[in-house]
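Subject: The structure, and what I found in it

Hello,

Here is the structure I promised to pass on. Please have a look at it first, and then read my notes below.

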Amino acid sequence: MTQEFIAVGEAGELPQGTMKRVDVRGRRILLANVGGRVCAVDDTCTHEDASLSSGVLKGELVKCPLHNSRFNVCTGQVLEDPATEPLRTYPVREEGGRLLIGLESR
């Protein structure tokens, strides 16, 4: 399976320790800047349909605003219940001053 990298913003526009949601091809994706590294995961909590971009980011961990599940935004791993399923992760790279995420090609 091949990946296509899609521009989702300008490199450097997401300050360290912050996150935001982007909508790409019908997917809600959470971008988080962790110590200068931008990570990308699905924005929707795997327990309920809550937007993780409305939660709290501390280091690599985001807390769901609905039931307090915690996820690692770089690996997608679940770290606290009630969620049990990990988040899908997406590769991120910078190119020509743009921030790109990799999605499966159509």
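The notes below go from the whole chain to single residues.

This is a predicted model, in which local features need pLDDT of at least 70 and side-chain atom pairs count only at pLDDT 80 or more, while totals for chains, interfaces and linings use all residues. Residues are numbered from 1 along each chain as its sequence is written, and side-chain values use heavy atoms, with hydrogens and water left out.

The protein chain has eleven strands and zero helices (DSSP runs numbered from the N terminus, with at least two residues of E for a strand and at least four of H or I for a helix). Its radius of gyration is 13 Å, close to the 13 Å of the globule rule for 106 residues, so the chain is as compact as a globular protein of that length (the radius is taken over C-alpha atoms, and the rule is 2.2 Å times the number of residues to the power 0.38). The C-alpha atoms fill a box of roughly 40 × 30 × 20 Å along the principal axes. Of the 106 residues, 41% count as buried, meaning under 20% relative accessible area with a 1.4 Å probe, protein chains only.

Now to strand β11. Five of the seven residues in β11 (residues 98-104) are buried, so this strand is largely enclosed by the rest of the structure. Strand β1 (residues 3-10) runs antiparallel to β11 and is joined to it by seven bridges; two strands pair if DSSP finds at least two bridges between them. Ile6 has Ile101 in β11 as its bridge partner. Strand β10 (residues 92-95) also pairs with β11 in the antiparallel sense, over four bridges, and Glu94 is partnered there with Leu99. β10 and β11 form a hairpin with two residues between them, and Gly96 in the turn has a positive phi of about 60 degrees.

There is also an open, antiparallel sheet of four strands, in the order β5-β6-β7-β8. β5 (56-58) and β8 (78-80) stand at its edges with a single partner strand each, so one side of each is left without a neighbour in the sheet. Three bridges join β5 to the antiparallel β6 (residues 61-63), where Val62 stands opposite Leu57.

One side-chain detail to look up: the charged end of Arg93 sits over the ring of Phe5, 3.7 Å from its centre (the cut-offs are CZ of Arg or NZ of Lys within 6 Å of the ring centre and within 35 degrees of the ring normal).

Best wishes

Methods
Buried means under 20% relative accessible area, exposed over 50%, partly exposed in between (1.4 Å probe, protein chains only).
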